[in-house]
Amino acid sequence: MPPAPPGSSPASSPATPTAPGPRVRPGATLATTAAATALTTVAYTAPTASLAATAQAAHLGASGRTWILTSTLVGISALLLTAGSAADDHGRKRVFTFGVLLFAAAEALAALAPGGAVYLASRVLLGAASAAVLAPALGLISHAHPPGPGRIRALGVWGAAVGLGIAIGPVYGALVQQWAGWRAVSGGIAAAAAVVAGCAAGVLTESRAERPRALDPYGVLTLAAGTSCLIAGLAEGRGGWGQPAVVALLAGGALLLAAFAVVEAKVREPMLDLALFRSPGFIAATGGALFTGLALVGFMSYLPTLLQGVLGLSGPAAAGVLALWSGLSVVSALQARHLATRLPATAQVALGLLVCGTGEAALYGLTPGSSWLRLAPGLAVAGIGSGILNAALARLAVSSVPAHRAAMGSGANNTSRYLGSALGVALTVTVAGSPHPTAHTLAAGTDRATLTAAALCLLGALLALAAHTTESRTTHPTPASDPTPVP
């Protein structure tokens, strides 16, 4: 007898049929979660090509440029893992829908902010809302798509949505800021999020683990406080790493994250089971996501600013150049499903990082007299690698954890990505910075940042390759298959 379709239960006998379960809509679920995911990356990247103009309009100082991006990272990194656990235990649809509504409210607050302080507070709230959107998304997709090629294709679409948001965000932000002002940037995103929230309430099917786990309050507090301190220290450190406040924030963040590890090792039902780090797949997932943020997202987030300084491009033009990278990542992620029948996800992560590093290395040699076309080959190669990488990380985020903890796996994966992004932006600013910024000194700094990012991609590829080698010695995975369906 064939298995029952998702969301339904077989009849116990022809004469006594049981009531069907909630209807699952795979296509609508994928469209809604992908749209919301794209919106989160649009919201994060929208200011990147117009940081100076937005900071000036919002009456923020030089450090305000840094905090426009960093404030969102504080909220998102602090709550991703918590949101994933809450979604698995109390309902993925519930957490996701609440997250999209909060996302719309945060962007509305940003549009109405009377000044810089409220605007930055709205960006922190935006990060918290993004965490509640991103963490349940892969669990919802996996629940709606049974294991096999269909799920792999759906996860590839989700990976493409990440790239799509990064492609749209800087161009949208630069153009709208130029034509209608910084408030209109947030207002447009708020309106789009309200529509997505309505779709989520109407088309998603609720799913959760069969047995909810106990609350892990000390884990929640130590993780949120530790990541917040660490990212705040990285943001403030761009003005000087020896400042007492910077040292205190970084040290406090490290100590709190160490305390989080101790708590998770001792509680009966931890938010993050540290035993997962014995799994090569989980190591490749979290390590690959960390290096994606560190070597790709962090570097590319600051690249439009560097292009404006070196090449004299306008904000929209710099965003358009960056879209060559992010746009090709969308196409590549959609096609990456063909690799799933040939490569395990761990090997695909290594390949993606290696291709990205090759593309970034090809950006070396930028000069003030260069044309933006000089960057096209490297950005194209890096875009292809990014799509391969995003699709593989989505597969691993689900397959490297128990099926009933899919949202937690997504939360852990995205936490690593965004922590890496905060580190990557700080590293890029530090390496590319100059006490006397001119087009020539910025060009030399851009070359240093380019080589640093390429080297980090290579290091991440080696980590993923080591995980793949370990996995091959202990198991014989079938690339196109996944674990059991998410309950």
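How many nonpolar, polar and charged residues are in the lining of the second largest pocket? I kept this question at the head of my notes and returned to it after a survey of the chain. The model I examined is predicted.

**Entry 1: the chain as a whole**

I began with secondary structure and recorded 15 helices and zero strands in the chain. I then looked up the radius of gyration, which is 22 Å. The globule rule gives 23 Å for 487 residues, and the two values are close, so I noted the chain as being as compact as a globular protein of that length. Along the principal axes, the C-alpha atoms fill a box of roughly 80 × 50 × 45 Å. As for burial, 56% of the 487 residues count as buried.

**Entry 2: helix H13**

H13 runs over residues 376-399, and at 1.5 Å a residue its 24 residues should span 34 Å. I found its end C-alpha atoms 35 Å apart, which agrees with that expectation. I also asked how many of the residues of H13 are buried.

I returned to my opening question. The lining of the second largest pocket has 13 nonpolar residues, four polar residues and no charged residues. The volume of this pocket is about 420 Å³. I listed 17 lining residues, and those nearest the centre are Leu272, Phe277, Thr415, Ser416 and Leu419. Two or more lining residues come from each of helix H8 (217-237), helix H9 (244-266), helix H10 (280-311) and helix H14 (406-432). Which helix gives the most to this lining? It is H14, with five residues.

**Entry 3: cavities**

A search of the whole structure gave six cavities of 30 Å³ or more. The largest cavity has a volume of about 130 Å³. It is lined by 16 residues, and Tyr44, Thr45, Ile166, Val297 and Ser301 are the closest to its centre. At least two lining residues each are supplied by helix H1 (26-45), helix H6 (149-180), H10, helix H11 (315-335) and H14. H10 gives the most to this lining, with four residues. By class, I recorded ten nonpolar residues, five polar residues and one charged residue around the largest cavity.

**Entry 4: aromatic pairs**

I counted three aromatic pairs. One of them joins Tyr44 and Tyr418, whose ring centres are 6.4 Å apart. Why is this pair edge-to-face? The planes of its rings stand at 90 degrees, and planes over 60 degrees apart count as edge-to-face. Tyr44 belongs to helix H1 and Tyr418 to helix H14, so the pair ties together parts that are 374 residues apart in sequence. Both Tyr44 and Tyr418 are buried.

Another pair I noted is Tyr119 with Trp182, also edge-to-face, at 5.1 Å centre to centre and with 85 degrees between the planes. Tyr119 lies in helix H5 (residues 116-144) and Trp182 in helix H7 (residues 182-203), so I recorded a link between distant parts of the chain, 63 residues apart. The relative accessible area of Tyr119 is 4%, which places this residue among the buried. Trp182 has 10% relative accessibility and likewise counts as buried.

Gly226 is in helix H8. Its relative accessibility is 0%, and it therefore counts as buried. Between Gly226 and Ala78 I found 7.9 Å, C-alpha to C-alpha, although 148 residues separate them in sequence.

Ala83 has its place in helix H3 (residues 62-90). At 11% relative accessibility, Ala83 counts as buried. Ala83 and Ala132 are 49 residues apart in sequence, and their C-alpha atoms are 5.3 Å apart.

Is Pro244 buried or exposed? This residue, found in helix H9, has a relative accessibility of 69% and counts as exposed.

Conventions
Residues numbered from 1 in each chain as written. Predicted model: local features only at pLDDT ≥ 70, side-chain atom pairs only at ≥ 80, totals over all residues. Heavy atoms only, no water. 1 Å grid on protein atoms, 1.4 Å probe; cavity = no way out; pocket = protein on both sides within 12 Å on 5 of 7 lines; lining within 4 Å. Points joined across faces, edges and corners; volume = space filled by probe spheres on them. Nonpolar A, V, L, I, M, F, W, Y, C, P; charged D, E, K, R; others polar. Expected span 1.5 Å × (residues − 1). Buried < 20%, exposed > 50% of the residue type's maximum accessible area, 1.4 Å probe, protein only. Phe/Tyr/Trp six-rings, centres within 6.5 Å; stacked < 30°, edge-to-face > 60°. Rg over C-alpha atoms; globule rule 2.2 N^0.38 Å.
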